[in-house]
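Please consult the sequence and the model shown here alongside the text.

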Amino acid sequence: MAREQGEKVVATNRRARHLYTIEKTYEAGIALMGTEVKSLREGHANLSDGYAFIDRGEAWLDQVNIPQYSQGTWTNHAAKRQRKLLLHKEEIAKLGQKVAVGGYTLVPLRLYFSNGRAKVEIGLAKGKTEYDKRHTLRERQDKREADRAMRLRNRMGE
């Protein structure tokens, strides 16, 4: 069987971009069991409740729901278990310092396959206030209205 090439996105966490300001993103591998990989290849995953944390020099991903593989037997995995993230020691130390200082958290943004290997994009994030959330929504709505007006204007000119 030929190895997969390119990138295949399994799940994205759109809610995280609404609730947090993402300052920097990191790509990390994930230590998974066989049935978890098969379930991901079918496109089943939910990142909305997930978060990452640093514990004793190791990075962990928690509360990410990867449902059980439909054709798995007694070897099936627990859906919401802690999964180890594979990062360089320097990256883990840097992230640990930022999170320990306070105000920062690690959130999963995307779960995908890159050249056949499961990866997760985690973001170093700072929580948004209600004002920031409304401001972001207002900017997005204004941009959408401006684009719509430009399209209408271009159609009228034809």
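Helices (H or I, at least four residues) and strands (E, at least two) are DSSP runs, numbered from the N terminus. This is a predicted model, in which local features need pLDDT of at least 70, side-chain atom pairs count only at pLDDT 80 or more, and totals for chains, interfaces and linings use all residues. Residues are numbered from 1 along each chain as its sequence is written, and side-chain values use heavy atoms, with hydrogens and water left out.

**Fold**
- The protein chain contains four helices and seven strands.
- Their order along the sequence is β-α-β-α-β-β-β-α-β-β-α.
- The C-alpha trace spans about 65 × 45 × 25 Å along its principal axes.

**Salt bridges**
- The structure holds seven salt bridges (a side-chain nitrogen of Lys or Arg within 4 Å of a carboxyl oxygen of Asp or Glu).
- Glu7 pairs with Arg110 in one of them, with the closest N and O atoms 3.0 Å apart; Glu7 lies in strand β1 (residues 7-12) and Arg110 in strand β6 (residues 104-114), 103 residues apart.
- Arg110 also forms a salt bridge with Glu121, at 3.2 Å between the closest N and O atoms, and Glu121 belongs to strand β7 (residues 117-127).
- Glu130 and Lys133 form a salt bridge at 3.4 Å, N to O; both lie in helix α4 (residues 130-157), three residues apart, about one turn of the helix.

**Burial**
- Of the 158 residues, 30% count as buried, where buried means under 20% relative accessible area, exposed over 50% and partly exposed in between (1.4 Å probe, protein chains only).
- Glu121 is buried at 16% relative accessibility, and Lys133 is buried at 15%.
- Glu7 is partly exposed, with a relative accessible area of 49%.
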